[in-house]
Amino acid sequence: MSHTPAAEITLRFLAEPSDVNFGGNVHGGNVMKWIDHAGYTCAANWSSAYCVTVYVGGIRFLKPISVGDLVELKAELMHTGRTSMHISVSVHARNPRDRQRRFTTHCILVFVALGDDGKPVRVPAFEPESEHSKRLNAYAKRMIELREQLRAESRSFLDVMEG
């Protein structure tokens with residue numbers, strides 16, 4: 001039986017007191033860790049392989065998350081390369097006693113699938129079907145172009161830093 005893996009996953013949990021920062025809200029580093037976990041889950045599910053994060057970009061902290069909030073991370077496959085997967089992760093939070101969700105954070109990650117030998121392996125191609133997934137796919141392609149420009153512009157600076 002052939003099974004097409006899901007191109008999206010959702011993780012839900014309560015923000016715990018150990019997640020708090022000095023300001024009384026959830027620490028941004030914890031949110032980043034959660035985003036990486038959600039992205040990894042989506043990438044590993046799609047590729048059926050161990051995956052490593054190779055890029056994190058465009059992270060936006062829009063609203064705080066409070067201790068005790070119900071946190072929801074939605075990770076969606078945006079685009080695949082030969083061995084890479086672009087994943088969009090959106091974070092929402094709400095007090096579990098009400099239904100008003102807040103869009104708190106967004107980020108794009110790129111993962112590469114690895115084989116048992118630690119070398120990149122081919123991933124199944126992603127073909128967007130819905131209008132939403134087509135928009136995400138176009139956005140990922142635009143981000144690839146912008147990263148290439150940034151890499152070219154920063155190369156001389158990074159060369160100096162290595163020397």
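Two strands count as paired if DSSP finds at least two bridges between them. In this predicted model, strand β3 (residues 70-80) and strand β4 (residues 84-94) are joined by ten bridges and run antiparallel.

## Overall make-up

The chain contains two helices and five strands. Read from the N terminus, its elements follow the pattern β-α-β-β-β-β-α. The C-alpha trace spans about 55 × 45 × 35 Å along its principal axes. Of the 163 residues in the chain, 37% are buried. Among contacts with a separation of 6 or more, 70% are made by residues 24 or more positions apart.

The accessible surface of the chain amounts to about 10000 Å², and carbon and sulfur atoms contribute 54% of that surface. There are 20 positive and 18 negative side chains, and the centres of these two sets are 5 Å apart.

## The sheet

The five strands form an open sheet in the order β1-β3-β4-β5-β2, with antiparallel pairing. The edges are taken by β1 (8-14) and β2 (50-61); each has a single partner strand, so one side of each lacks a neighbour in the sheet. On average, neighbouring strands of this sheet are turned by 20° against each other, direction ignored.

Strand β3 is joined to β1 by seven bridges, and these two strands run antiparallel. Within that pairing, Ile9 has Ala75 of β3 as its bridge partner. β3 also forms a hairpin with β4, with three residues between the two strands.

One of the bridge partners here is Leu109 of β5, which pairs with Ile87.

Which strand has eleven of its eleven residues buried? The strand is β4, and it is therefore largely enclosed by the rest of the structure. Its residues point two ways: Ser84, His86, Ser88, Ser90, His92 and Arg94 point one way, Met85, Ile87, Val89, Val91 and Ala93 point the other way, and all are buried.

For β3, nine of the eleven residues are buried, so this strand too is largely enclosed by the rest of the structure.

Buried means under 20% relative accessible area and exposed means over 50%, with partly exposed in between.

| Residue | Relative accessibility | Class |
|---|---|---|
| Ala6 | 39% | partly exposed |
| Asn30 | 18% | buried |
| Ser48 | 68% | exposed |

Ala6 is located in the segment before β1. Its relative accessibility of 39% puts Ala6 in the partly exposed class, because that class covers values between the 20% and 50% limits. Apart from its neighbours within four places in sequence, Ala6 is in contact with Asn45 and Trp46. The C-alpha atoms of Ala6 and Arg142 are separated by 24 Å, and these residues are 136 residues apart along the chain.

Asn30 belongs to helix α1 (residues 28-47). It is buried, with a relative accessible area of 18%, since the class requires a value under 20%. When residues up to four places away in sequence are not counted, Asn30 touches Ser18 and Asp19.

Ser48 sits in the loop between α1 and β2. Is Ser48 buried or exposed? At 68% relative accessibility, Ser48 counts as exposed, because the limit for that class is over 50%. The backbone of this residue also has a feature to note: Ser48 is not a glycine, yet it has a positive phi of about 55°. Most residues other than glycine have a negative phi.

Notes:
Residues numbered from 1 in each chain as written. Predicted model: local features only at pLDDT ≥ 70, side-chain atom pairs only at ≥ 80, totals over all residues. Heavy atoms only, no water. Helix = DSSP H or I, 4+ residues; strand = E, 2+ residues; numbered from the N terminus. Axes fitted to C-alpha atoms, helices over the stretch in contact; angles between N-to-C directions. Buried < 20%, exposed > 50% of the residue type's maximum accessible area, 1.4 Å probe, protein only. Contact = heavy atoms within 4.5 Å. Areas by Shrake-Rupley, 256 points an atom, 1.4 Å probe, with all protein chains shown as cover. Lys, Arg positive; Asp, Glu negative; His and termini not counted. Charge placed at Lys NZ, Arg CZ, Asp CG, Glu CD.
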